[in-house]
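Colleague: Could you walk me through this model and say what each label rests on? Please keep the cut-offs handy.

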Amino acid sequence: MTMTQAPQEQPESPTNRPPSMHRFKNWMRRPYARHVMIWTVVIGFLLLPLCWLLLAAMNQTGAPASEIMQDIETTVFVFTLVSIPITAFVFAVLLYSLIGWKRISSDEPPMQENPAIFTNRIGVVLWTVVTSALAMFLVVWGMIELAQITANSYGTISANEQPGGNQSVIVNVTGQQWVWTFAYPQTDGLVSDILYLPVDKPVYFNVTSKDVIHNFWAVELGVKIDANPGAVTTAGVTPNKLGTFNIRCAELCGMHHAYMETEVRVVTQEQFDSWVREMGGRRTS
Amino acid sequence: MSSVAPAHVHSAEVPQPAQHGKPGGIMRRLNFGTGLIGGIGLAIIAGVVTSQFVPSGYASPVTFAPMEGEYVYLAVLLGWVIGFMAGMGAFVGPIRWMLGRESTHLDAEYMAGKDLGRSRYWKYTTDHKVVGIQYLIVTFIVFGFGGLLAMLIRTELGATWTEVFSPAFYNSIIGTHGIAMIIAMIIAVSGPLGNFIVPMMIGARDMAYPRLNALSIWLLVAAVPCLISSLFLGGIQDGWSAYQPLASQAPIGMLGYQMTIIVFAISTGIASVNLMTTILTMRAKGMSWSRTPIFVYGIFAASLMGLYAFPFYQYSQILSLSDRVFNTSFFNPLEGGSVWLYENLFWLLGHPEVYVIIIPTAAVLMEILPVFMRKPLFSFNFAVAGIVGVVALSGLVWAHHMYMTGWAPAVNYPFMLSTEMISIPVGFLVLVVIGTLWRGTSWSRLPLMAVYAVVFNKMIGGVTGIYLSDVPADQYFHGSMFVVAHFHYMLMGAGFFGAMGGIAFYFPKMTGKILDERYGSIGLWTVFVGFQLTFGSMFVAGLQGQPRRVLQFDEQFDISNWISTIGAYTIGVGTLIFLGAIIFSWRDGPMVSGNPWASKSLEWQTPTPVPLENFAVLPVVTERPYNYGVPDPYDEELRAHDGDELESAGAR
């Protein structure tokens, strides 16, 4: 029985040590306390690879193609890292309760009772402080990241810039069952069902829908915004990588929702301009 | 039962109403059979009459869809609900009151199912224990229906090379699976255990409003055929969230969903009021709030949140139904309506609702723990604070489902704050659980094993929840399989496993038999393993970027979907084993004593089977619940060395 396993040595008297340190040392002398702490560390290290495995899974479709998507991946990494200590501690206690502390599997209720721990002020305060601090950290992190993403999306586009300016590309995205159409208002009525974007240039999306709610999701660019009928929503991004990436619909929109996919081709400015010319759209600027 | 003293000891001065005829009157003739006859009869009449009044060929001016079927189906549904409730005898009480006929004590005893044997389960019975068993059976039926649909979904997604079902049918099974499981999980703990156990736990003889109790269960029963019928009439092709305007495009089966929700919300509201009143006013003498068991707090919290949240849902569906049938335009953007209004109304229910599911299961686990750990609940006050904190925040987080709608980007900041704050009170509950496990010799029985399963799942569900609560990360995860895996970890991993634990724990009190430990455990752990496979690999699919609610997807998602499907079938097998254990234990198991777990709570002090009015003499509570355990030897030892310093620092 654990409760009969007395500490090997007698606790020291709190002569010239601070009392809290003394209590902690006393507590750590108990075998189960040491074990749970060790198990927590071990489980924590076993969980640590998740930080990278989650990102590896996210990158399976394609590596980030914009700063926004990189920010998102950093957030996922940090959140995984921050939640590991608490998770590891809870798992360690669960596991230790199953294997470390004794178990009785009789059919009859056990006669023997356990130590009546009604509460533990230090434990409760410590838990509250640590979990609150972690939660506050997540909130602050999230808000800073969100502000940064918002700035990355819209900051480079001056609010007064008219369609026709060439500091940025404006794309009017329209969802309808079950296709995406991309119109380029800065050109002479160019419309495409594949999204072409020049690299390293801010893009500004005006997103709407003709029928039901869709969700415009440019996976590797980290753009996701609902396409609502009767309203225009906005999003922005600066693609920083050449290549072909996925666009999916992320809101159930009826029968062929699963097939409402297309692609975004991020090309150089010259290729983009020649594509615009080929498609018969003349830049109005 | 005859040995139990009557509940109402009338003083001689109060004149009693005279007994006319046999006790119960017309209620003697009414049961589930007459309910079916009434429901089907009135449904047919209403359908035929309506079809005579709607001009054939009449089409909606908005969607151009023919409307005759809509009106007929609506009339049939209304006819079914009203006819069924009339046939069950739901209107007998109110009509008697209107006619000025008072019920006698014998009438009330008949209504409570006295001396009726098994037939009382098929009647409009007011006894809370009968209602609890009825809720249990309805939970099984709805859960089984939803589970069957889950198997179909996983079959489709596992067969990556072909379309097993048509896209339209696939969409309707995901919607129906969603709402069926939501209903099953909402009632899974609050229904059977809230009704059966809570009155006994607080030392009452019945609920505050016994007839409303019967009304709430039979309204729920009336709602079930509305839901099932919708699947055969085109189904719910727009997910359980039924976003407009997609819901207006759906076939007439959509009306079945809307009617289900409207009726279910009434049922839930009635049950909530009943439970809350019972808990507030009928606790035994001496049961102060600090002596009230934590499960009672959990049920009270769930009822409070349900009472607040369900009206939003009900209104959203009434308006949605009105858009559909009467061509109003609350949510139709082409006519000036707003899709965001619908989303707000829906999620004002949607988020408190997950706590309506999770809080009672967490509370029943905290009820199980002290009994099997043979020690008191760790920090009772902290547990109460956790529940209060969740309730307080639950109404302030709904728009985190709408981060990506573009509805109001500025409110993403406060909703991110409130959502991440909720992890603090939820963390309190986790601490209470691990604090109770701390240094305990556990009595390893099935209910306790469910606690381990739930805490494990809840940690994973909770941690993945913080990614989704964060707007930047949600920008990737929203609408992906990651969300599906997350909420299954919460609602199924905590809700379903908690319900299994709770039902296993209270099974001896509810049925007089003990749940077979061996097959129950095999079932539980089979479900657990299947669950980790299914939803663990669904996280991977979500991380890879698979959108939810799709029936075909890119090849890169194949492997994780195959694993999910294998896991889902494992869950199916495990659930059947668990169900088999319940059925065989209930039928053939040995009778057990009234208190097989040696619990100290009030509900276990009654004899089994529980007599009609629970307690012959109403109990008086003199101490806190969970007075288990012996003085801590470490504590004694340290006190001997360090005097009182340690105790004052709380290092016990």
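Modeller: Let's start with a rule: a residue is buried if 20 or more other C-beta atoms lie within 10 Å of its own, exposed if 12 or fewer, and partly exposed in between, with the C-beta atoms placed from the backbone. Keep in mind that this is a predicted model, where local features need pLDDT of at least 70 and side-chain atom pairs count only at pLDDT 80 or more, while totals for chains, interfaces and linings use all residues. Residues are numbered from 1 along each chain as its sequence is written, and chains are lettered from A and ligands numbered from 1 in the order in which they are written.

Colleague: Okay, then why does V617(B) count as exposed?

Modeller: V617(B) has 7 C-beta neighbours inside 10 Å. Exposed takes 12 or fewer, so V617(B) gets that label. You'll find V617(B) in the loop between α21 (558-588) and α22 (633-642) of chain B; helices (H or I, at least four residues) and strands (E, at least two) are DSSP runs, numbered from the N terminus. From F378(B), V617(B) is 239 residues away in sequence and 31 Å away in space, C-alpha to C-alpha.

Colleague: What about D115(B) and R374(B): which one is buried, and which is exposed?

Modeller: D115(B) has 10 other C-beta atoms within 10 Å, so D115(B) is exposed. R374(B) has 23 such atoms, so R374(B) is buried. D115(B) sits in the loop between α4 (105-111) and α5 (128-158) of chain B, and R374(B) in the loop between α13 and α14 (380-394) of chain B.

Colleague: How do you know how α13(B) compares with the span expected of it?

Modeller: The expected span of a helix is 1.5 Å times one less than its number of residues. Helix α13(B), residues 339-373, has 35 residues and reaches 51 Å from its first C-alpha to its last, close to the expected 51 Å.

Colleague: Where is the kink in α13(B) centred?

Modeller: On W347(B), with an angle of about 25°. The bend at a residue is the angle between axes fitted to the seven residues ending there and the seven starting there.

Colleague: What makes you call α13(B) mostly covered?

Modeller: Of its 35 residues, 32 are buried.

Colleague: What is a nonpolar core, then?

Modeller: A set of buried Ala, Val, Leu, Ile, Met, Phe, Trp, Tyr and Cys residues joined through C-beta atoms within 7 Å. The largest one here has 288 residues, and W218(B) and V433(B) have the most contacts inside it. Leaving out residues up to four places away in sequence, V433(B) touches L365(B), M366(B), L369(B), V451(B) and V455(B); contact takes C-beta atoms, placed from the backbone, within 7 Å.

Colleague: How many residues of chains A and B are in contact across the two chains?

Modeller: 82 residues of chain A are in contact with 88 of chain B. Helix α5(A) gives the most to chain A's side, with 15 residues.

Colleague: What makes strands β1(A) and β1(B) a pair?

Modeller: Two strands pair if DSSP finds at least two bridges between them. Strand β1(A) and strand β1(B), residues 442-443, are joined by two bridges and run parallel. R103(A) stands opposite S442(B) there.

Colleague: Within chain A, which strands pair with β11(A) in the parallel and antiparallel sense?

Modeller: Strand β5(A), residues 195-198, pairs with β11(A), residues 261-267, in the parallel sense over four bridges, and L197(A) stands opposite V266(A). Strand β10(A), residues 243-249, pairs with β11(A) in the antiparallel sense over six bridges, where F245(A) has V264(A) as its bridge partner.
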